[in-house]
Amino acid sequence: MGSLFKHPEVQFAAFAVRQATMLVKRIQHEMVTPALTKADRSPVTIADFASQALVAHYLQERFPNEALIGEESAQVLLTETGHARLRQVTDFVRQVV
């Protein structure tokens, strides 16, 4: 198992997950807002958007030619009613990067 962590991709993944986990815990501690409901009726929270954005940032920084296939679509954040949530996501991510 130790040799697995010698690979840069695995080291990156472990780092990104640790950072995203700490961000999610901070968001959960600082705020409670209602989740949005996706078309499949599953919830999506500010923490979901922020952790995905953080991982995307780190991926772009470390492996700029790789693509991220995320679970959450940010389209709702780009609507007039989503701007406040987008601001929250951005503020939380900026606290980390």
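Biologist: Is the crossing of α1 and α2 left-handed or right-handed?
Modeller: A crossing is right-handed if the near helix is turned clockwise from the far one by less than a right angle, and left-handed if anticlockwise. In this predicted model, α1 and α2 cross in the right-handed sense. Local features here need pLDDT of at least 70, side-chain atom pairs need 80 or more, and totals for chains, interfaces and linings use all residues. Residues are numbered from 1 along each chain, and side-chain values use heavy atoms, leaving out hydrogens and water.

Biologist: How are α1 and α2 oriented to each other?
Modeller: Two packed helices are described by the angle and the distance between their axes. Here the axes of α1 and α2 cross at roughly 150 degrees and come within 9 Å. The pair is therefore roughly antiparallel (angles over 145 degrees).

Biologist: Where does V17 lie, and is V17 buried or exposed?
Modeller: V17 sits in α1, which covers residues 8–30. V17 counts as exposed because its relative accessibility is 53% (exposed means over 50%, with a 1.4 Å probe). V17 and S51 are 34 residues apart in sequence, yet their C-alpha atoms are 8.7 Å apart in space.

Biologist: Which residues are closest to the centre of the largest pocket?
Modeller: A pocket is an open set of points on a 1 Å grid where a 1.4 Å probe fits, with protein on both sides within 12 Å along at least five of seven lines; lining residues have an atom within 4 Å of a point. The largest pocket holds about 200 Å³, as filled by probe spheres set on the points. Among its 13 lining residues, F49, A53, A74, L77 and V89 are closest to the centre. Both α2 (46–62) and α3 (83–96) give two or more residues to this lining, and α3 gives the largest share, five residues.

Key:
Helices (H or I, at least four residues) and strands (E, at least two) are DSSP runs, numbered from the N terminus. Buried means under 20% relative accessible area, exposed over 50%, partly exposed in between (1.4 Å probe, protein chains only). Axes are lines fitted to C-alpha atoms, for helices over the stretch in contact, and angles run from 0 to 180 degrees between N-to-C directions. Angles under 35 degrees count as roughly parallel, over 145 as roughly antiparallel, 65 to 115 as roughly perpendicular and the rest as oblique.
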